[in-house]
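Me: Please go through this model with me, one question at a time.

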Amino acid sequence: MLAIVAALGALLGAVALPCAPAQAQTTAALPFPPPMQERVSVLNARLGLHPDKTRLVLELTDSVPFTVSVHGSPYRVVVDLPDVSWPGGNTVMAGKGIVARYRFEGRDGGASRLVVETDGPARVVESYLIPPRDGFKPRFVLDIARTTPAQFAASAPVAATTATAATASVSRDAVRPPAKKDPIVPVAAALPPPVPPRAAPVPEKPMIVVDPGHGGVDPGAVGVGGVYEKDITLAMARELKRQLEGSGRYRVRLTRDKDVFIRLRDRVAIARESNADLFLSLHADSIGSANMRGLSIYTLSDRASDREAEMLAAKENRADALAGMDLSSENDLVASILIDLAQRDTMNHSKRFANMALEHLGREVKLIPNKPHRQAGFAVLTAPDMPSALVEMGYLSSPQDVSLLSKSAHREKLGRGMVRTIDAYFKWLTGAQKS
């Protein structure tokens with residue numbers, strides 16, 4: 001989520017981590033071409049998790065040559081680049097998978113460096129540039145996978161991938177190490193004997209935080225027959241947790257698992273502390289009409305997003321306004337711009353989820369007839385770096401909805417639709433990260 005933020009982070013202060021000089025693997029670099037007339041810039045950066053690797057993608061304004069090398073003490077992958085502009089890139093970015101964190105460094109002599117720290121021995125599976133296509137700018141792709149300390153030590157020193165701007169701009173297949181006949185490239189040391197195949201590491205499962213609305217002294221809506229919204233939402237949250245965990249594909253946390261009161265901001269804080277990949281708040285509304293019934297889903301409105309960015313920016317302590325970034329030293333204008341950028345990206349993901357939810361849930365339960373996807377400024381939806389949605393499961397003023405929501409069979413059916421929605425969302429997200 002912070003990839004978008006980095007595009008305007010030039011206004012942030014620099015943070016750097018020391019790198020020990022010890023080097024496990026090296027690479028022979030081609031000489032960089034003469035400086036370009038216009039400086040190439042990094043427009044976007046994102047990390048993606050795959051079953052057998054972690055992928056880092058940089059979107060650039062133009063193709064550039066690069067050299068990739070792997071180092072130890074501490075374990076890290078280094079990408080050497082020509083003079084590239086990355087506003088805010090020198091702020092340490094939070095990692096995922098094998099990537100502990102990453103940052104960008106300006107170097108003497110008109111060069112740049114991307115340092116990707118890993119949480120253990122790593123190997124570069126592949127590194128290449130994708131030429132401009134399908135409306136995208138050139139993209140640099142770096143795939144990193146885990147390896148054992150013995151394999152790491154045995155692989156040094158071996159030349160890593162080096163690419164020129166010319167080869168990078170042709171196609172992914174064209175990016176190859178330079179031919180041995182090139183006199184400026186030393187002959188690599190002999191490769192070590194092949195090692196037995198190692199089982200691919202199991203990627204961390206997405207974290208889903210489910211928020212049963214209301215609770216404790218706050219009963220929520222009181223429905224037909226005296227049913228409380230807080231009881232309906234808790235029963236549904238437990239059922240959804242059961243199904244999600246039963247699938248084996250997700251980790252799940254409830255903001256409350258009993259009848260207690262939790263402030264709205266604390267519910268969001270619980271999800272962010274859990275590093276949630278998706279936040280779902282469950283509710284059941286009540287209005288004056290007994291005829292109105294059906295499910296609807298809310299995401300954050302643009303106006304609410306603007307107000308939230310301004311409010312977060314105006315706080316004295318903004319160290320946790322965006323995960324992985326400390327905005328406490330920034331003025332209100334800078335902080336609000338950065339928060340707004342992150343929130344816009346998050347809102348797009350939330351809207352994508354909402355549309356998928358209506359598609360899948362509409363096959364299981366009745367939707368409200370008029371605009372089942374709505375936008376509002378619910379406090380639980382205002383986290384700037386976490387896709388969020390609020391599901392109104394039905395109307396407690398409707399005897400039919402109350403009857404259904406009170407039955408375990410209906411909650412099980414509703415849970416199945418939500419699980420299918422979540423599956424579809426993360427399938428889409430994985431595909432988007434690969435591109």
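**Helix H4 and its setting**

Reply: The buried residues of H4 are Glu229, Lys230, Ile232, Thr233, Leu234, Met236, Ala237, Glu239, Leu240, Gln243 and Leu244, where buried means under 20% relative accessible area, exposed over 50% and partly exposed in between (1.4 Å probe, protein chains only). This is a predicted model, in which local features need pLDDT of at least 70 and side-chain atom pairs count only at pLDDT 80 or more, while totals for chains, interfaces and linings use all residues. Residues are numbered from 1 along each chain as its sequence is written, and side-chain values use heavy atoms, with hydrogens and water left out.

Me: How far does helix H4 reach from its first C-alpha to its last?

Reply: H4 covers residues 229–247, 19 residues in total. The expected span is 1.5 Å times one less than the number of residues. That gives 27 Å, and the reach in the model is close to it, at 27 Å.

Me: Which residue follows H4?

Reply: The residue in question has a positive phi, near 75 degrees. It is Gly248.

Me: Is Ser85 buried or exposed?

Reply: Ser85 lies in strand S5, residues 84–85; helices (H or I, at least four residues) and strands (E, at least two) are DSSP runs, numbered from the N terminus. Its relative accessible area is 17%, so Ser85 is buried.

Me: Which residues is Ser85 in contact with, leaving aside its neighbours within four places in sequence?

Reply: Contact means heavy atoms within 4.5 Å. With those neighbours left aside, the residues are Arg39, Val40, Ser41 and Val42.

Me: What share of the 435 residues counts as buried?

Reply: The protein has nine helices and 17 strands. Of its 435 residues, the buried share is 49%.
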